[in-house]
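Colleague: Could you walk me through the side-chain contacts in this one? I have the coordinates open and would like to follow along.

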Amino acid sequence: MRAGAARRLLVLVLLAAWQQPPPREARAQRLAADAENRTGCVLSSSSEFPEGFFTPQERKDGGIVIYFIIILYMFLAVSIVCDDYFLPSLEIISECLGLSQDVAGATFMAAGSSAPELVTAFLGVFVTKGDIGISTILGSAIYNLLGISAACGLLSSVVSRLSCWPLFRDCLAYTISVAAVLAMISDNRVYWYESASLLLIYGCYILVLCFDIKINQYLMKKFSPCCTCFTKAMEENAEQQPLAGWQEESGPLIRKQSRTDSGIFQDKLDYSQLSTSLHGLDEISEDHPSVFTMPEADMKRILWVLSLPIITLLYLTIPDCRRQFWRNWFMLTFLMSAAWISAITYVLVWMITIAGETLGIPESVMGLTLLAAGTSVPDTVASVLVAQKGNGDMAMSNIVGSNVFDMLCLGIPWFIKTAFINTSGPIEVNSSGLTYTAISLICSVVFILLAVHLNGWKIDKKLGAICLVLYLVFTILSILYELGIIGNNPTRVCGN
């Protein structure tokens with residue numbers, strides 16, 4: 001009996017030893033994995049999404065046309081959500097809180113239009129366990145600054161004046177946030193106190209916004225000699241088209257605190273054939289045009305018929321706060337529109353990823369162009385819409401403020417995971433290409449400030465053209481770096 005037990009024990013030990021790799025082999029496997037991480041191996045974009053509804057061969061045989069149709073339809077859907085629900089709810093929120101245009105753009109507008117990045121960050125930390133949050137947010141930062149600025153200038157027929165303080169404030173906050181994130185991931189690890197400090201930085205930014213008017217008045221009085229050209233430009237603009245919330249006080253133009261300064265669409269500009277100036281919001285009644293009212297122009301009628309499915313779906317799920325009956329439900333309108341923006345953007349980026357792979361576009365090129373633009377579609381649409389109404393401060397504050405909020409997007413899931421879920425250790429991240437990323441982000445901030453200053457603090461087609469050229473230059477340099485032509489450190493897809 002004892003001999004049989006000993007024999008069985010010996011067999012089990014031999015089996016275990018045979019299944020385990022030898023020490024040298026195990027060490028070699030670990031070294032290979034570490035080497036793979038050091039070479040900048042990144043996951044394929046398609047690995048973060050479900051498989052498509054066509055096989056690769058079916059897509060090459062013509063099925064890719066369906067993907068392009070879905071992409072165009074998603075663009076149309078985002079435009080409808082922003083135009084009919086997101087911006088009107090933001091208007092009422094700004095009125096209730098007494099926010100200025102730039103503060104509203106840097107807070108609620110940035111948070112709502114950046115909801116897809118928040119979802120992406122949570123997916124990257126809790127679901128895919130990859131670096132999709134970092135790569136998506138940092139990768140789209142240059143597009144947010146230069147690409148959306150170019151779109152606002154080129155697609156807007158209205159010349160919008162810009163204020164010095166809001167742009168400087170948001171760019172400074174963005175630079176500090178970027179420096180903090182890059183410092184955290186420099187050692188490939190993120191600890192709970194590091195992610196908490198990221199939230200603290202954003203809290204300080206919100207605190208500055210709460211006292212924005214007093215800080216602005218102090219700085220304008222203190223440093224008015226340094227802003228002579230800016231003051232002259234603002235005075236010339238005030239003579240032609242006065243800006244709400246500005247008045248002269250001993251020389252330089254000082255922003256006065258005004259609850260009506262937050263109007264997204266003011267003056268004589270109409271919004272969906274109805275003025276939604278804050279002075280007239282209380283007069284809006286049930287006679288507001290229904291979303292099912294057919295437009296008069298032929299092209300708009302075609303688009304209206306094509307968009308009827310999404311119009312009906314949004315009508316059934318989001319209260320229209322432009323109507324008097326739903327006006328007090330504006331927060332639900334804001335949250336539901338942000339949720340729809342996230343869902344539509346997810347489908348949009350999914351379709352763009354599959355289409356890019358079908359066309360054989362390299363992973364690095366697709367990540368820096370198509371995916372960066374895809375995740376920033378809500379920011380682009382919202383910023384262009386307000387720029388077309390002459391609200392340049394709100395557009396620029398949304399552009400830069402969205403990037404500041406994107407840094408928060410990384411801090412929230414990191415803090416939740418390190419402080420409450422996995423308290424035993426830090427989060428492992430990939431910081432390859434950190435130096436180039438830091439240089440690119442800082443240079444993009446400096447260039448946008450210089451471009452706006454040299455253009456006379458206004459958004460027009462000239463500024464749009466300059467930003468477009470700068471964006472193309474940065475994108476080409478980034479692609480060359482990713483391919484290893486510059487820097488001699490090519491980024492490759494894991495498994496290839």
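**Aromatic pairs, salt bridges and a helix contact**

Modeller: Searching the whole structure, which is a predicted model, gives 16 aromatic pairs.

Colleague: How are the rings of Trp 192 and Tyr 193 arranged?

Modeller: Their centres lie 5.9 Å apart and their planes stand at 85°, so the pair of Trp 192 and Tyr 193 is edge-to-face. Tyr 193 has a relative accessibility of 45% and therefore counts as partly exposed.

Colleague: And which residues do ring pairs link into a cluster?

Modeller: Phe 53, Phe 54 and Tyr 67 are joined into a cluster by ring pairs.

Colleague: Switching to charges, how many salt bridges does the structure hold?

Modeller: There are 6 salt bridges in the structure. One of them joins the side chains of Arg 322 and Asp 84, with a distance of 3.7 Å from N to O. Because Arg 322 sits in the loop between H13 and helix H14 (330-358) while Asp 84 belongs to helix H3 (residues 56-97), this pair ties together parts that are 238 residues apart in sequence.

Colleague: Are Arg 322 and Asp 84 buried or exposed?

Modeller: Arg 322 and Asp 84 are both buried.

Colleague: What about Asp 102, which side chain does it meet in a salt bridge?

Modeller: Asp 102 meets the side chain of Arg 169, at 2.9 Å from N to O. Here too distant parts of the chain are linked, since Asp 102 is in helix H4 (residues 101-113) and Arg 169 is in helix H8 (residues 164-184), 67 residues apart. Both Asp 102 and Arg 169 are buried.

Colleague: Where does Asp 212 come in, and how far apart are the closest N and O atoms in its salt bridge with Arg 169?

Modeller: In the salt bridge between Asp 212 and Arg 169, the closest N and O atoms are 2.6 Å apart. Through salt bridges that share partners, Asp 102, Arg 169, Asp 170 and Asp 212 are joined into one network.

Colleague: Now the helices, at what angle do H12 and H13 pack?

Modeller: Helix H12 (residues 298-306) and helix H13 (residues 308-317) pack at about 60°, and their axes are 4 Å apart. That angle makes H12 oblique to H13.

Colleague: Which residues meet there?

Modeller: From H12, Trp 304, Val 305 and Leu 306 meet Leu 308, Pro 309 and Ile 311 of H13. Sorted by type, the residues of this contact are 6 nonpolar, no polar and no charged.

Colleague: One last topic, backbone angles: what is the phi of Asn 188?

Modeller: Asn 188 has a positive phi of about 65°, although it is not a glycine. Asn 188 is placed in the loop between H8 and strand S2 (189-190), and with a relative accessible area of 30% Asn 188 is partly exposed.

Colleague: And Trp 457, where is its place?

Modeller: Trp 457 lies in the loop between helix H19 (434-454) and strand S6 (458-459). Trp 457 also has a positive phi, of about 55°, without being a glycine, and at 8% relative accessibility Trp 457 counts as buried.

Technical notes
Residues numbered from 1 in each chain as written. Predicted model: local features only at pLDDT ≥ 70, side-chain atom pairs only at ≥ 80, totals over all residues. Heavy atoms only, no water. Axes fitted to C-alpha atoms, helices over the stretch in contact; angles between N-to-C directions. Helix = DSSP H or I, 4+ residues; strand = E, 2+ residues; numbered from the N terminus. Parallel < 35°, antiparallel > 145°, perpendicular 65-115°, else oblique. Contact = heavy atoms within 4.5 Å. Nonpolar A, V, L, I, M, F, W, Y, C, P; charged D, E, K, R; others polar. Salt bridge = Lys/Arg side-chain N within 4 Å of Asp/Glu carboxyl O. Buried < 20%, exposed > 50% of the residue type's maximum accessible area, 1.4 Å probe, protein only. Phe/Tyr/Trp six-rings, centres within 6.5 Å; stacked < 30°, edge-to-face > 60°.
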